[in-house]
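Please look through the sequence and the structure below.

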Amino acid sequence: LSPLLRKHDSHWQKSFYDHRLRADEDRLPVFLYIFLNPFRKKLIPVDNKWSGYYCSANDWNWFGPLTNVSTRPGAL
């Protein structure tokens, strides 16, 4: 990806790195980081939902019981 960014005179955000989750890696810390970030940055109040969230049914099976929410984010 870096060569493509350089071609368009772009670059990674400072202190940014990407990481591919491995099949045996614990997903919860990464998911919580993403899920909680808008609240930590005070982009939305803690009692609101972030409209950009979507959680697949498979992911909700393991993440849902860790929350106090009955409907997965992004569910229609």
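Does Trp62 count as buried, partly exposed or exposed? Trp62 has a relative accessibility of 23%, and since buried requires under 20% and exposed over 50%, Trp62 counts as partly exposed.

The model is predicted, which makes its confidence worth a look. The average pLDDT of the protein is 78, and 91% of the residues reach at least 70. Among the elements, helix H2, residues 28-40, has the highest mean pLDDT, at 83. Helix H1, residues 2-7, has the lowest, at 77.

Next come the aromatic rings. The protein has 3 aromatic pairs, counting rings whose centres lie within 6.5 Å. In one of them, the ring centres of Phe31 and Trp62 are 5.6 Å apart. Their planes meet at 70°, and because an angle over 60 degrees counts as edge-to-face, this pair is edge-to-face. Phe31 belongs to helix H2 and Trp62 to helix H3, residues 57-63.

Another pair is formed by Phe35 and Phe39, with ring centres 6.3 Å apart. Their planes stand at 45°, so this pair is tilted. Both residues lie in helix H2, 4 residues apart, which is about one turn of the helix. Phe35 has 17% relative accessibility and therefore counts as buried. Phe39, at 16%, also counts as buried.

These residues belong together: Phe31, Phe35, Phe39 and Trp62 form one aromatic cluster.

Key
Residues numbered from 1 in each chain as written. Predicted model: local features only at pLDDT ≥ 70, side-chain atom pairs only at ≥ 80, totals over all residues. Heavy atoms only, no water. pLDDT = per-residue confidence, 0-100. Helix = DSSP H or I, 4+ residues; strand = E, 2+ residues; numbered from the N terminus. Phe/Tyr/Trp six-rings, centres within 6.5 Å; stacked < 30°, edge-to-face > 60°. Buried < 20%, exposed > 50% of the residue type's maximum accessible area, 1.4 Å probe, protein only.
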